[in-house]
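Welcome, and take a moment to look over the chains before reading on. The paragraphs below walk through them step by step.

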Amino acid sequence: MEDELIDLIVGDLFSESPNIIKLQKTIGNKLKLTSDDADDLLYKTVAGLNKSLFPPIEGIELVLTEGCNLACSYCFEKNMLGYRQMPLSVAKMAIDLLFKYSNEQSKLDITYFGGEPMLNFPAIKFATEYALKKASSQNKSIYFNTTTNGILLTDSMINYFYENKIKVLLSIDGVKETHDKFRVDKNGKGTFAKVYENLKLLKEKQPWVGIKMTVMPTECSRLFNNILELHDLGVNQFIIGPATGVHWSSQDSDCFLSEMKRIYDWYIDYSGSDLRIAEFEESKNEPFFGCHAGRTNIAISTDGQISPCSKILAIENNNLISKLGDVYFGLFNFRNRSRLINCSELRSECDRKGISEEYRGGCFATNYYETKNIFHPNMHDYYFEKAKRLKIPIVTQKSSKIAHKI
Amino acid sequence: MSETERSKKIDELSNEITTEIFKRLEAEAKLGRLSLSDNYVCSGAGFICGNVYRCGGTLGDPSHSCSGTFGCTYLFIEEPTRSQLK
């Protein structure tokens, strides 16, 4: 192999902005390959390098559509929303990539995300069937999830999810009074009645229902009541997150923490086995800075670009932050993947602020909202997490009793 | 050329290129640029892969507990900061 060619490949793949198309052409010309063969060679070489240098990929989020049927006022994807849908060919390549990059990993996750993923239900069906077939031929297990606003769910969709073991997570912010303030349709009409109707339908097939709650500062004082009422309505699992990208005053934060403490006290005393709030449970202490984004998990945009996660992707979907590659050539931006894995900048920033012993840097996307840099910690988040941990201890006795559902 | 033969040829080329690239990266590591000891054992200071705990993993050994650590040692392109070197 010519040194010059290797120099070219190393120079490009390990540069700040690899020009993969130019590299493909150069390789093709130098080795006298057809365009398809040059594509194939580059794809395999990039995959081989990733296999040797980085952990396997275990999960992907497929952004099946940029469209959404709602117009939630706080939506973190506002800048991303549009009309593009993921073609089946891109979904197929994304799944091929997951299997290629999973190496020896035998348990894989696929999450259907949007926009509102139900707007591209044909892609869900195609991806599920293609992935199941592939998993079967490679003796791997695959776990499917989807996050939906629940409005477009139908009987046949719910049956399909049930038959294919696709777990559905609903986005519900509270009971009608809270939910309808922010989660509205394009005409500004509240959507609680419809989502509740579909929650009941879903529960017939998926008895354990989890929801993702976004808490706006103005709704903090209702949080405890919202949880209690939603639990009465059949919700089993809660993922509670304060809204990002909106102003939180210190009074709002205090109110949120007080409500969380009330929920915690109730949760501790609750003896039933039909409830889980993972927020209060001991999480697996990951031995690294940052998170799984770009390390073992990736997100695929509608046009096949690869981002570390759907939240980062939503910040700027036409010019990805920390882009890792695309489904055509794989994870070819080695510098970006290396930065996400070694997190040296995030660790260094946490060191500089004196918080690295107790904080692993937080969520990349949340960091970006505050600091415009995914590797600069969001200090508001840090103080918030710290205050929460002081006020609310971690439940250890409960987590061992409750099986992980979602 | 059949599809199988074509695919085999591309696999061989890919392996050859990957091996050559590895040699380059390894040579850079040997120059001490990546703050590794001679036998390529992670210094364990945490700054190489971002991990908090010392894994003691050997470069190129995928069996140790911290998958990815050995990779990061190859790819630590930026100079470690002062605080990372404590």
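This is a predicted model: local features need pLDDT of at least 70, side-chain atom pairs count only at pLDDT 80 or more; totals for chains, interfaces and linings use all residues.

Helices and strands here are DSSP runs, a helix having at least four residues and a strand at least two, and they are numbered from the N terminus.

Chain A has an open sheet of 10 strands with mixed pairing, and reading across it gives the order β7-β6-β5-β4-β3-β2-β1-β8-β9-β10. Its edge strands are β7 (276-277) and β10 (325-326) of chain A, each of which pairs on one side only.

How many of its 5 residues are buried? The count is 5 of 5, and the strand is mostly covered. The cover is on both faces: A:Gly59, A:Glu61 and A:Val63 are buried on one side, while A:Ile60 and A:Leu62 are buried on the other.

Now look at the neighbours of β1(A). With strand β2 (residues 107-113) of chain A it pairs in the parallel sense over 5 bridges, and A:Glu61 has A:Thr111 in β2(A) as its bridge partner. Strand β8 (residues 297-300) of chain A also runs parallel to β1(A), joined to it by 4 bridges; here A:Leu62 is partnered by A:Ile300. A helix takes part as well: β1(A), helix α4 (residues 88-101) of chain A and β2(A) together make a right-handed β-α-β unit.

Further along the sheet, strand β3 (residues 141-148) of chain A and strand β4 (residues 166-171) of chain A run parallel and are joined by 5 bridges. One of the bridge pairs links A:Thr148 with A:Leu170 in β4(A).

Helices meet each other too. The axes of helix α9 (residues 223-232) and helix α10 (residues 250-269), both of chain A, come within 8 Å and cross at roughly 35 degrees. On the α9(A) side the contact involves A:Leu223, A:Phe224 and A:Ile227, which meet A:Phe256, A:Glu259, A:Arg262 and A:Ile263 in α10(A). Sorted by class, this contact has 5 nonpolar, no polar and 2 charged residues.

Some backbone details deserve a look. Most residues other than glycine have a negative phi, and most peptide bonds are trans. The bond from A:Gly114 to A:Gly115 is cis, with omega near 20 degrees, and A:Gly115 sits in the loop between β2 and α5 (121-137) of chain A. Returning to A:Ser322, its phi is near 55 degrees, a positive value. Is A:Ser322 buried or exposed? A:Ser322 is buried, because 22 other C-beta atoms lie within 10 Å. A:Lys372 has a positive phi too, near 60 degrees, and is found in the loop between α14 (364-371) and α15 (379-391) of chain A. A:Lys372 is exposed, because it has 10 other C-beta atoms within 10 Å.

Finally, turn to chain B, which has 2 helices and 0 strands. Of its 86 residues, 31% count as buried. B:Lys8 belongs to helix α1 (residues 3-30) of chain B and is exposed, with 12 other C-beta atoms within 10 Å. B:Lys8 and B:Arg24 are 16 residues apart along the chain, and their C-alpha atoms are separated by 25 Å.

Technical notes:
Residues are numbered from 1 along each chain as its sequence is written. Chains are lettered from A and ligands numbered from 1 in the order in which they are written. Axes are lines fitted to C-alpha atoms, for helices over the stretch in contact, and angles run from 0 to 180 degrees between N-to-C directions. Two residues are in contact if their C-beta atoms, placed from the backbone, lie within 7 Å. Ala, Val, Leu, Ile, Met, Phe, Trp, Tyr, Cys and Pro count as nonpolar, Asp, Glu, Lys and Arg as charged, and the others, Gly among them, as polar. A residue is buried if 20 or more other C-beta atoms lie within 10 Å of its own, exposed if 12 or fewer, and partly exposed in between; C-beta atoms are placed from the backbone. Two strands pair if DSSP finds at least two bridges between them. A crossover is right-handed if, with the strands pointing away from the viewer, the path from the first strand over the helix to the second runs clockwise.
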